[in-house]
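Please keep the sequence and the model open while reading.

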Amino acid sequence: MAQYDVVIIGSGLGGLESAYILSKEGFKVLVLEKNRQLGGSLQIFVREKAIFDTGIHYIGGLNDGQNLNQSFKYFDIMDKLHLHKMDEDGFDRITFDGDENEYFHAQGYGNFVEQLVKKFPAERNAINTYVKNIQEICDYFPLYQLKEDNAPIIGTKYLDVNAKEFIASLTPNLKLQNVLAGSNPLYAGEGEKTPLYVHALVVNTYIESSYKCVNGGAQIEKLLTKNIKALGGEIRNYAEVKRIVETDGVVKFVELKDGERIEGKNFISNIHPATTMNILESTKIKNAYRHRLQGLENSSSAFIIDVVLKPNSFKYLNYNIYHYKRNDVWTGVYKIGNEWPDGYCIFVPKSSKSDEYADCLTILCYMPFSEVKKWENTFATIPRQNESRGQEYEDFKQKYAERAIDEVEKKFPDIRSKIQSYTSSTPLTYRDYIGARDGGLYGIAKDYRDPLKTFISPKTKISNLYFTGQNLNMHGVLGVTVGAIRTCGEFVGQNYLIRKINQA
Ligand SMILES: Cc1cc2nc3c(=O)[nH]c(=O)nc-3n(C[C@H](O)[C@H](O)[C@H](O)COP(=O)(O)OP(=O)(O)OC[C@H]3O[C@@H](n4cnc5c(N)ncnc54)[C@H](O)[C@@H]3O)c2cc1C
């Protein structure tokens with residue numbers, strides 16, 4: 001007789017949120033995590049006492065009454081989080097080589113319009129139309145507003161509209177088009193592919209409100225973990241699932257790396273659907289389904305430089321910078337070789353040590369997996385960093401880190417004198433420590449040309465195996481939370497769950 005009602009594979013945000021919801025609803029839950037640290041992309045790491053985030057630089061929708069605030073109340077973490085509100089007039093700033101201006105994305109739709117009109121006075125109508133459309137598109141996704149939803153996603157307006165083309169249709173002003181889409185590394189935007197709804201759902205949450213987690217986003221994992229355990233849930237680290245085994249039409253057990261078998265009545269995979277298919281042993285799954293999931297393209301990966309700053313040398317920035325070498329924000333994911341990088345993002349973590357100075361910053365540049373493909377057969381994970389990929393790889397990392405810093409230096413001419421040390425990571429790093437396919441930052445890439453192909457149902461072809469996490473719905477704290485609601489809705493009813501969340 002299985003000991004657990006639900007076994008969850010992976011302790012990313014989606015796995016932990018699902019564990020909390022189902023434990024609260026009386027299910028006996030076990031979470032299995034391959035790494036030492038829990039939380040997946042919620043993890044932080046420390047270098048020379050500076051705290052770096054891996055995958056949570058800022059979070060939207062956390063003002064009182066907003067969707068994520070309400071969800072976090074339900075998870076009983078909202079009033080315990082240590083948050084810092086970002087600059088209301090410009091939480092994201094878009095900049096370009098050869099242009100002195102900083103273009104602000106502001107919090108609150110009225111303020112968003114006014115800040116942009118300062119730079120584009122003749123474009124008020126276009127900017128107004130843009131914000132009206134963004135809000136209207138979000139209304140087509142009721143779960144994002146924590147509204148009950150019985151309608152199938154199929155046929156939803158805007159699914160097949162391209163973000164770049166839509167923005168271009170609002171104004172002939174090329175600079176404004178690029179400014180409006182300027183934070184597109186938030187969703188690894190590709191001009192030829194990214195649907196408008198992806199752009200809208202992501203920017204909407206940050207325009208509503210933008211916060212940083214003080215001393216990093218791992219506090220979300222810590223609080224969720226504590227709450228899950230208080231509800232009777234169990235969480236195990238160093239528990240890598242190597243096999244998911246189906247017999248007689250249902251998954252009976254998963255097998256860990258050391259051979260231990262864990263039985264369950266239901267299983268939720270918080271890992272990539274394609275990776276799930278790789279470890280699923282089942283005759284019930286048709287090859288067409290397997291191939292469909294395994295063939296889906298992932299969003300781009302990145303090269304990331306984590307910089308420890310000399311004490312009291314660099315003023316804390318209460319905003320993010322999205323910088324581009326050219327007046328085109330849509331092609332960065334494709335740039336390789338001498339053209340790399342096409343631009344960069346700078347995220348400055350908020351530390352509790354100082355309001356005035358930053359102790360570190362993160363520089364993120366897109367990088368396709370092809371750049372590191374030659375080392376694809378090497379593996380290294382952060383908790384057990386005893387494997388090296390060789391000197392050639394280290395030289396590659398240093399060369400590319402220096403190139404990225406050269407670009408940043410054009411904007412911050414004295415930055416090198418403020419750097420105490422830095423480390424860098426590549427698409428391989430992310431692949432190995434999260435298990436993300438090809439190091440893709442945000443999982444499966446959405447495509448407006450075939451939108452339904454990239455929608456993953458929480459239900460699989462096996463009745464007691466489900467998906468959750470960023471590949472399901474959308475990435476990001478909000479996208480993954482909505483995904484957890486969909487997954488757990490399969491167990492307790494989606495509208496019932498929405499009501500519970502709204503009553504919290
Ligand atoms: C660089 C970067 C920056 C980001 N910035 C932001 C941001 O500023 N704001 C925001 O809202 N979102 C941001 N995101 C997105 C956000 O972090 C993710 O969408 C979200 O955390 C993903 O959650 P998930 O539930 O899909 O799990 P993941 O974080 O993908 O975790 C999956 C977990 O499963 C574990 N696992 C994998 N294989 C196995 C196995 N076989 N057995 C057991 N465990 C396994 C992994 O170790 C991991 O812990 C960022 C992402 C990245 C990569």
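How far apart do the C-alpha centres of domain 1 and domain 2 lie? They lie 28 Å apart.

## Basis of the model

The model is predicted: local features need pLDDT of at least 70, side-chain atom pairs count only at pLDDT 80 or more, and totals for chains, interfaces and linings use all residues. Residue numbers start from 1 along each chain, following the sequence as written.

## Domains and their contact

The protein chain is divided into domain 1 (4–67 + 215–296 + 447–503), domain 2 (83–213) and domain 3 (300–441). These bounds come from an automatic or database domain assignment.

The contact between domain 1 and domain 2 takes 27 residues from domain 1 and 28 residues from domain 2; two residues are in contact if their C-beta atoms, placed from the backbone, lie within 7 Å. On the domain 1 side, β5, α14 (476–492) and α15 (494–503) each supply at least two residues. The largest share of that side, 5 residues, comes from α15. By class, the domain 1 side has 14 nonpolar, 12 polar and 1 charged residues. Here Ala, Val, Leu, Ile, Met, Phe, Trp, Tyr, Cys and Pro count as nonpolar, Asp, Glu, Lys and Arg as charged, and the others, Gly among them, as polar.

## Overall fold

The protein chain has 15 helices and 20 strands. Helices (H or I, at least four residues) and strands (E, at least two) are DSSP runs, numbered from the N terminus. The C-alpha atoms fill a box of roughly 65 × 50 × 45 Å along the principal axes.

Buried residues make up 51% of the 504 residues. A residue is buried if 20 or more other C-beta atoms lie within 10 Å of its own, exposed if 12 or fewer, and partly exposed in between, with C-beta atoms placed from the backbone. Among contacts between residues at least 6 apart in sequence, 71% join residues at least 24 apart.

## Strand pairing

Two strands pair if DSSP finds at least two bridges between them. Strand β13 (residues 261–269) pairs with β1 (residues 4–9) in the parallel sense over 5 bridges, and Y4 has G264 as its bridge partner in β13. β13 also pairs in the parallel sense with β20 (residues 465–467), over 3 bridges; in β20, L465 is the bridge partner of F267.

Strand β12 (residues 250–256) runs antiparallel to β13, with 3 bridges joining the two. E255 stands opposite R261 in β13. The hairpin of β12 and β13 has 4 residues between the strands, and G259 there takes a positive phi near 95 degrees.

An open sheet of 3 strands has the order β5-β9-β6, with antiparallel pairing. Its edge strands, β5 (59–60) and β6 (83–85), each pair on one side only. β5 and β9 (residues 210–213) share 2 bridges, and G60 stands opposite S210 in β9.

## Nonpolar core

The largest nonpolar core has 138 residues, and I8, L201, L361, I363, C365 and A404 have the most contacts inside it. Helix α7 (residues 196–208) gives the largest share of this core, 9 residues. Such a core is a set of buried Ala, Val, Leu, Ile, Met, Phe, Trp, Tyr and Cys residues joined through C-beta atoms within 7 Å.

Leaving aside neighbours within four places in sequence, A404 is in contact with F303, I305, P341, Y344, I363 and C365. P341 lies in the loop between β16 (320–324) and β17 (343–347), and the peptide bond from W340 to P341 is cis, with omega near -10 degrees.

Y158 has a positive phi of about 85 degrees although it is not a glycine. Y158 sits in the loop between α4 (124–139) and α5 (163–170) and counts as partly exposed because it has 18 C-beta neighbours inside 10 Å. N215, in the loop between β9 and α8 (218–230), has a positive phi near 60 degrees. With 18 other C-beta atoms within 10 Å, N215 is partly exposed.

Q398 is in helix α11 (residues 391–411). Q398 is exposed, with 12 other C-beta atoms within 10 Å.
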